[in-house]
Amino acid sequence: MSNTIKAKLKNSTSDLKEAGDVYIFEGAGDSGYYMQFVCPCGNCNGHDSIPISMDINFANKSNHRWHWNGSYHKPSLKPSILRMSGCHWHGYLTEGEFREC
């Protein structure tokens with residue numbers, strides 16, 4: 001059975017303290033949107049930032065962006081998230097829930 005943790009929207013990076021905390025913001029200039037989060041594993045307290053886009057044509061492997069559904073309160077991202085450092089958590093963010101693979 002995979003572990004699930006609710007994504008909790010925060011107002012700034014300084015509010016990111018617990019597993020599943022999420023901050024979505026617009027980058028400088030035309031760099032697009034980003035999502036910062038605390039690793040949902042619940043053990044490592046690792047922080048990551050990933051580029052996201054609501055444009056399905058822009059959010060692909062060649063642009064290194066995750067497709068975002070545009071929701072701040074129940075965000076979904078595609079494809080899966082794989083942390084390349086720390087605990088190497090791998091899973092999905094769907095309808096506001098992190099679900100481990």
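Because the model is predicted, local features need pLDDT of at least 70 and side-chain atom pairs count only at pLDDT 80 or more, while totals for chains, interfaces and linings use all residues.

**Stop 1: the salt bridges**

Side chains of opposite charge can pair when their charged atoms come close. Here, a salt bridge means a side-chain nitrogen of Lys or Arg within 4 Å of a carboxyl oxygen of Asp or Glu. The structure has three of them.

Start by selecting Lys-8 and Asp-21, whose closest N and O atoms lie 3.8 Å apart. This pair joins distant parts of the chain, with Lys-8 in strand β2 (residues 8-9) and Asp-21 in strand β3 (residues 21-26), 13 residues apart. Strands are DSSP runs of E with at least two residues, numbered from the N terminus.

For accessibility, buried means under 20% relative accessible area, exposed means over 50%, and partly exposed is in between (1.4 Å probe, protein chains only). Lys-8 comes out as partly exposed at 28%, whereas Asp-21 is buried at 2%.

Next, go to Arg-83 and Asp-48, where the closest N and O atoms are 2.3 Å apart. Distant parts of the chain are linked here too: Arg-83 sits in the loop between β7 (77-82) and β8 (90-94), and Asp-48 in strand β5 (residues 47-53), 35 residues away. Arg-83 is buried, with 5% relative accessibility, but Asp-48 is partly exposed at 22%.

Then pick Arg-99 and Glu-97, with 3.9 Å between their closest N and O atoms. Arg-99 is partly exposed at 41%, and Glu-97 is partly exposed at 36%.

**Stop 2: the cysteines**

A disulfide is a covalent bond between the sulfur atoms of two cysteines. The test used here is a pair of cysteine sulfur atoms within 2.5 Å, and a search of the whole structure turns up zero disulfides.

Cys-39 is buried, at 1% relative accessible area.

Finish at Cys-101, which is exposed at 53%. Its closest cysteine sulfur is also in Cys-87, but 13 Å away, so too far for a bond.

Key. Residues are numbered from 1 along each chain as its sequence is written. Side-chain values use heavy atoms; hydrogens and water are left out. Helices (H or I, at least four residues) and strands (E, at least two) are DSSP runs, numbered from the N terminus.
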